[in-house]
Amino acid sequence: MSIRSKLLATVAVLPIAGAALFAASAPASATAPKPAPDCVVGYVCVQFTNGAVEAIVGGTTRTYSPAATMVGITNGSAYDYCVDGTPDFQLKSGWYRDEVQPITRIAPGEVCTS
């Protein structure tokens, strides 16, 4: 192999080695998928601390009294939702959130009022 061939071979390998180094040094959380309940299209699915998942028909309201503790929620419906809890948050169509928190109400709406 000539010096020129060795140089070209070395230059060709550098980007691959650099990408492997970057992948090895990236934190696990950057590539790990976030847990979220699987949800059927047209439903909002809430996963609770006991592992149960409730599917709520899109466009409907669900109230929890006393408050229920969720660990994840997925909006597979065509509606934006407001989730009342501590804290309240908006859950747009197609979004999910993985967080342990109490919730009291899930209702369609673009803006959370409380």
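**Charge, ring and salt-bridge contacts**

Me: At what distance from the ring centre does Arg97 lie over the face of Phe89?
Reply: A charge is said to sit over a ring if NZ of Lys or CZ of Arg is within 6 Å of the ring centre and within 35 degrees of the ring normal. Arg97 lies over the face of Phe89, and the distance from the ring centre is 4.0 Å.

Me: What kind of model is this, and which atoms are used for side-chain values?
Reply: This is a predicted model, in which local features need pLDDT of at least 70, side-chain atom pairs count only at pLDDT 80 or more, and totals for chains, interfaces and linings use all residues.

Me: How many salt bridges does the structure hold?
Reply: One of them joins Arg62 to Glu54, with the closest N and O atoms 2.7 Å apart. Another joins Asp84 to Arg105, at 3.6 Å from N to O. The number of salt bridges in the structure is three.

Me: How many residues apart are Asp84 and Arg105?
Reply: Asp84 counts as buried because its relative accessibility is 13%, whereas Arg105 counts as partly exposed because its value is 37%. Their salt bridge has an N to O distance of 3.6 Å. The pair links distant parts of the chain, from strand E4 (residues 81–85) to strand E7 (residues 101–108), strands being DSSP runs (E) of at least two residues, numbered from the N terminus. The separation of Asp84 and Arg105 is 21 residues.

Me: What is the angle between the planes of the aromatic pair Phe48 and Tyr64?
Reply: A search of the whole structure finds one aromatic pair (ring centres of Phe, Tyr or the six-membered ring of Trp within 6.5 Å; planes under 30 degrees apart stacked, over 60 edge-to-face, the rest tilted). Phe48 and Tyr64 form this edge-to-face pair, 5.8 Å centre to centre, and link strand E1 with strand E3 (residues 62–75). Phe48 is buried because its relative accessibility is 13%, and Tyr64 is buried because its value is 8%. The angle between the planes is 70 degrees.

How values were computed
Residues are numbered from 1 along each chain as its sequence is written. Side-chain values use heavy atoms; hydrogens and water are left out. A salt bridge is a side-chain nitrogen of Lys or Arg within 4 Å of a carboxyl oxygen of Asp or Glu. Helices (H or I, at least four residues) and strands (E, at least two) are DSSP runs, numbered from the N terminus. Buried means under 20% relative accessible area, exposed over 50%, partly exposed in between (1.4 Å probe, protein chains only).
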